[in-house]
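Here are some exercises on aromatic rings and nonpolar packing. Have your viewer ready and work through them one at a time.

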Amino acid sequence: MRAALWLLALFGIAVAIALFAGNNQGTVTVFWPPYRVDLSLNLVLLLLVAAFVLVHTALRALSAFIDLPRQALRWRTQQKERAMHAALIDAISHWWAGRFIRARKSAESALEQESSLEKSGQRPANGSQVRAVAHLLAAESAQALQDKPARVDHLQRALEQAAARDAQETREGALMRAAEWSLEESDPQGAISWLAELPQGAARRTVALRLKLRAARLAGRTADALETARLLAKHRAFSTAAAHSIVRGLAIDLLNTAHDVTQLLRVWQSLEPQERAMPEVAIHAALRLTGLGGDANLARDWLLPAWERQSELGDALRVRLVCALEAGLDSIDGAWLARIEAAQRAQPRDNNLQYLAGMACMKRQLWGKAQQLLAQSATGLRDPGLSRNAWRSIAALAEQRGDEAAAAQAWKRAAQA
C-alpha cells in the first residue's frame, strides 16, 4: 500500500512539473554591462537545483573528510570491543567444554582488551560487569585446576569490580559460586560466611537456599538446616516425596541432638505440627523420651497419631512402633490397653500386635492370656529382637509355673533367635 501511494505521488509530481515547464514562457535576463544574457526560466530553475545538489554534496564530502580521524578511532574501538566480547564468549565456551586452561587464557585476554580500551579513554559502558564476569570465569577455571591462590585472587577482583550498581547480580553470582567452592573443599563455615553477604532477596532464592542447606548439614547446624529445608519445600524446590524425606530426616537428627528430657521437649515443641504427625518422627521421639527416662504417658500421646495410622506403616516402622509402646508398658493405662486389645482382635494374624498384647497382659499379670498370645506370635515374628523377647518371656512364664522343660526349650529358642 505504501509503495502504491509513493508511485501515485511521483506521478502527480511529474504531471505538475510537465504542466509548469511545458507552457512556461518566462525568461530571466541577466545584465552584465556591456552584456545582456536572456535565459529560460526553466533552465534557471534547473541550474539552481543543480547548484544546490553540488554544494550539498561538497559540504557532505568536506564533513566526512574532517570526521575521518573520529571514524577511525571509533572503528578501532569497535574492533577492540568485539575482540573483548569474543574472548569472553570463548572463555565461557571453553569452560563449558572442560578446557579450563584455555578458558582462563581467554578470560585474561578479555581483561587485557578491556584494560586497553580504558587506557585509550574509550571505556565500555558495561566495563565493570565485563571485568567482573571475566575474573569470575578465570576463578572458575582456577578452581577446576585446583589453583587456589589464583582462584582467591580472581574472586576478590571480581567482587571488587562487581561492587558497582550495574553489576549487583554479578556480585551475587560470585558470592554463590564462592560458597559452592567452599562446600567442595568441605568448609561449611566459609560457605555460610559467603552466603551471609548476600542481600536479603538473593538469600531467599532457591539456589542460595540449597547451598545454605548443604552448608548447615555439613556444619552440623541441624536446626538451621531444618528451617532451610522447610523454605525449600515451601518454594517447591524438591518433589513432594523428596521434601518429605529431607524434612523427616532432619527432624530426626534434631531429636538426636537432645541429651536430656528438657532438651527433647524443647526440640519437640520446635517442630511444626505436620512434622510431629510424621510416624517416623513421632516413634523416634517416643523412643528417645523413654530412653532418657521421660514420661511414658507423654510418649504414648506422641505415638497416638502413628498408632491410628499403623495400617499404612511398613513392617520395619511397625516393629519400631511396637518397641516404643513396649518400653512404657509398666505404666500403661486402661485406654491404651483397650486400644491394643481391639487392634489385636481386628488383626488376629498380626504377630506384632499379638506380641504387644501378650507383653501388655504379662505386665498386668494376666499370665494365661499372656502365655497364649506370646506362644502364638513367637513363631511368626520376623524381627530378631521381638522374637528373642517373646521366647524369653515364654521361658519366664514357664519357670513361674514350674515347667522346667518348657522353660529350657524357650530359652533355647531365644538363644537361636
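**Exercise 1.** Which residues have the most contacts inside the largest nonpolar core?

Solution. This is a predicted model, where local features need pLDDT of at least 70, side-chain atom pairs count only at pLDDT 80 or more, and totals for chains, interfaces and linings use all residues. Residues are numbered from 1 along each chain as its sequence is written, and side-chain values use heavy atoms, leaving out hydrogens and water.

Step 1: take buried (under 20% relative accessible area, 1.4 Å probe, protein chains only) Ala, Val, Leu, Ile, Met, Phe, Trp, Tyr and Cys residues, joined through side-chain atoms within 4.5 Å.
Step 2: the largest such core has 66 residues, and Leu 271, Val 281, Trp 307, Leu 321 and Tyr 355 have the most contacts inside it.

**Exercise 2.** Find the aromatic pairs and classify each one.

Solution. Step 1: pair rings of Phe, Tyr and Trp (its six-membered ring) with centres within 6.5 Å; planes under 30 degrees apart are stacked, over 60 edge-to-face, the rest tilted.
Step 1: Trp 268 and Trp 302 have ring centres 4.4 Å apart and planes at 20°, so they are stacked. Both of these residues, Trp 268 and Trp 302, are buried.
Step 2: for Trp 307 and Trp 336, the centres are 5.8 Å apart and the planes at 70°, so this pair is edge-to-face. Trp 307 and Trp 336 are both buried too.

**Exercise 3.** What is Trp 307 in contact with, leaving aside neighbours within four places in sequence?

Solution. Using contact as heavy atoms within 4.5 Å, the partners of Trp 307 are Leu 321, Leu 325, Trp 336, Arg 339, Ile 340, Ala 343, Leu 353 and Leu 356.

Methods:
Buried means under 20% relative accessible area, exposed over 50%, partly exposed in between (1.4 Å probe, protein chains only).
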